[in-house]
Amino acid sequence: MTMLNPKKGRLLVAEPSILSDDSFNRSIVLLTEHTENNSVGFILNKPLSYSINDLLPEINCFFNIYQGGPVEQDNLYFIHRIPQLLADSIEVANGVFWGGNFKQLKQLLNEGLLQETDIRFFLGYAGWDKNQLNTELQENSWFVAKNDFENIFSKDEETLWKNKLLQKGGAYKLWANAPNNINLN
């Protein structure tokens, strides 16, 4: 299988070797930025136990919030697939966009014009300094995968990591079916 390089729009899939890392255990990270100097992404499969309304009561919307990563966890971020409705959106890849005009977003949410399959909210983000991500890739903390999902927002976060491991094949198939707590096995 061909090794992919990190690139904006690709996925970082946590290797089974980092199962003891609380932040990234069984994580899938969408890279929203990857340059020579840094990388930024959001963990797609770590839902939190509260909604956008819990954080911003003026927004009458109950879409789930996700743990985006360990950096700046007191900030709210979002990715979406509705750039035609949100000015200043930054294209990531494959019809996925990052950020945009928050005032417009609040209005769309309050008017009930968006579906959960259009947008995902995150507290914090995952970030890497120059060469940090490459070092982690060489240490087998991650492998890079294509974002080949038709709509990443409609995927079941509980099976996202497992399915990427099954897709990679080989020994990864064993890890895909391992229990969440391998000490209980």
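Author: In this predicted model, Arg81 has a relative accessible area of 36% and therefore counts as partly exposed, because that class lies between the buried limit of 20% and the exposed limit of 50%.

Reader: Which residue forms a salt bridge with Arg81?

Author: Side chains of opposite charge can pair when their charged atoms come close. Here the partner of Arg81 is Asp118, with 3.6 Å between the closest N and O atoms. This pair links distant parts of the chain, since Arg81 sits in the loop between β6 and β7 while Asp118 sits in the loop between α2 and β9, 37 residues apart. Asp118, at a relative accessible area of 12%, is buried.

Reader: How many salt bridges does the structure hold?

Author: There are three, and one of them joins the side chains of Glu58 and Lys106 at 3.7 Å, N to O. Glu58 belongs to the loop between α1 and β5 and Lys106 to helix α2, so this pair ties together parts that are 48 residues apart in sequence. Glu58 is partly exposed at 46% relative accessibility, and Lys106 is partly exposed at 26%.

Reader: Is Lys164 buried or exposed?

Author: Lys164 counts as buried, because its relative accessibility is 2%, under the 20% limit. Lys164 forms a salt bridge with Asp148, the closest N and O atoms being 2.9 Å apart. Lys164 lies in helix α4 and Asp148 in the loop between β10 and α4, 16 residues apart, and Asp148 is partly exposed at 45%.

Note on methods: Residues are numbered from 1 along each chain as its sequence is written. This is a predicted model: local features need pLDDT of at least 70, side-chain atom pairs count only at pLDDT 80 or more; totals for chains, interfaces and linings use all residues. Side-chain values use heavy atoms; hydrogens and water are left out. A salt bridge is a side-chain nitrogen of Lys or Arg within 4 Å of a carboxyl oxygen of Asp or Glu. Helices (H or I, at least four residues) and strands (E, at least two) are DSSP runs, numbered from the N terminus. Buried means under 20% relative accessible area, exposed over 50%, partly exposed in between (1.4 Å probe, protein chains only).
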